[in-house]
Amino acid sequence: MPYDDTFLRACRRQPTEYTPMWMMRQAGRYLPEYRAIREKRGFLEMCRTPELAVEVSMQPVDLVGVDAAIMFSDILVSFPGMGLDLEFAKGEGPVIHNPVRTAADVAKLRIADPHEHTGFVMETIKILRRELEHKVPLIGFAGAPFTLASYAIEGHGTRDYENCKALMWSDPAAWDSLLEKFGSTTIAYLNAQIDAGAQVIQLFDSWVGYVAPRDYERSVLPHTKRVIDAVTAHGREVVKGGVPVIHFANGATSMMDLVQKAGGDVIGVDWRLDMGLAVEQIDERFAIQGNIDPVALFAPDEEIERMVVDILEKFGTRPGHIFNLGHGIHKTSDPEKARTMLRFVHEHSRRIRSGS
Ligand code: CP3
């Protein structure tokens, strides 16, 4: 199989014959082949064992046929290196046993060394690049400072963020210091991923949609921008043409102006914004990633096809579209439906892009 760099070209807004597609959380539980491994191994153990992480990263490439691989890991793997006691409790998702609540807690946190604390990630990337040599490009990733801080403060996933916002409003100095520590850890971590061979970086700001635009602008944006600027500069130093950064601010479609100010080469859009409006609101200097409803994978094939065509037609024929779900794939999704969606994206985008 010849190497297919369509995804990388789309990130750089170069012309492509078809629209490339990958799916957030594509390396995961909807695949029986993932579950077979996961039955015998702990989640963090899988992340920390390069040969297992490589195997599950390759599964969506080989079994679904997506146009990019994303390394199997988690946005929280840097936590232990910072002094945060992380556990993935059964059925509960991530739990941090020593959450950050005060300025004194913030002061205790360290900036993690990417090689000392997460060397397994760099090893996974190096092996993956060899495995993907005749296949597709590799995406590395990290959490954005706000999303990481929200886990560190709340201690688990939440819907209200009361501890997180209380710290943001009551002690702005401690807040900024905390987000700076996450920012510095993330810059070092992503730059190490680039050095190891990650060809595109996605920054996940998964929970920033719970923040009001005013607070985003004052208390979040500068920290996200700092990470994106530093990683972009590093990418330009080490790779000809640079390493594109996908900035995915989930739930933030009411403040796309601010998200663009934080930067990136590709703006990730969730399914809540119509692609027609996304194209109007997002400046042409950015590529766009998205944005079908992840639950579309539960619709009849004909409806999936209509939704795919609607998004492709609204994006139009200019370069710079990466098709993706508007957020992560649900764990009960049928892999066959994902293959069907991918086929529709490839077929219809070829037709639309060739003008026939
Ligand atoms: O995209 C991929 O396929 C790469 C792998 C990946 C995982 N987590 C694997 C994972 C990526 C990119 C992530 C990022 C991540 N982790 C995010 C941002 C992505 C997003 O969806 O916005 C977040 C918020 C996390 C934190 C996290 N990790 C949560 C909330 C959970 C529990 C989820 C749940 O439904 O149980 C995890 C665990 C996790 N991360 C799993 C996987 C495959 C499930 C672990 C298992 O097998 O039990």
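Start by selecting α2 (32-38) and β3 (93-96): each of them supplies at least two residues of the shell around the ligand. Helices (H or I, at least four residues) and strands (E, at least two) are DSSP runs numbered from the N terminus. This is a predicted model, where local features need pLDDT of at least 70 and side-chain atom pairs count only at pLDDT 80 or more, while totals for chains, interfaces and linings use all residues. Residues are numbered from 1 along each chain as its sequence is written, and side-chain values use heavy atoms, with hydrogens and water left out.

Now show everything around the ligand. A residue is near it if one of its heavy atoms lies within 4 Å. There are 24 such residues, and A27, Y34, D74, S206 and H327 come nearest. By class, the shell has 14 nonpolar, 6 polar and 4 charged residues. (Nonpolar here means Ala, Val, Leu, Ile, Met, Phe, Trp, Tyr, Cys and Pro; charged means Asp, Glu, Lys and Arg; the others, Gly among them, are polar.)

Zoom in on the ligand's oxygen atoms. Which distance do you get to the side chain of S206? An N or O atom there is 2.3 Å from a ligand oxygen. For the side chain of R38, an N or O atom sits 2.7 Å from an oxygen of the ligand, and a backbone N or O atom of Q26 lies 3.0 Å from one. The protein covers 88% of the 880 Å² of accessible area that the ligand has on its own (Shrake-Rupley method, 1.4 Å probe).

Next, click H327, in the loop between β9 (321-322) and α15 (335-354). Its side chain makes a polar contact (a pair of N or O atoms within 3.5 Å, one able to donate a hydrogen and the other to accept it) with the side chain of N250, at 3.4 Å. Beyond its neighbours within four places in sequence, H327 is in contact (heavy atoms within 4.5 Å) with M24, S206, W207, F248, N250, W271 and P294.

Move on to helices α9 (residues 162-170) and α10 (residues 172-196). They pack at an angle of about 115°, with axes 5 Å apart; axes are lines fitted to C-alpha atoms over the stretch in contact, and angles run from 0 to 180 degrees between N-to-C directions. Select C164, L167, M168, W169 and S170 of α9, plus P172, A174, W175 and L178 of α10, to see the contact. It has 8 nonpolar, 1 polar and no charged residues.

Two backbone stops remain. G290 and N291 are joined by a cis peptide bond, omega about -5°, and N291 is in the loop between β8 (287-289) and α14 (301-315). R25, in the loop between α1 (6-11) and α2, has a phi near 65°, a positive value in a residue other than glycine.
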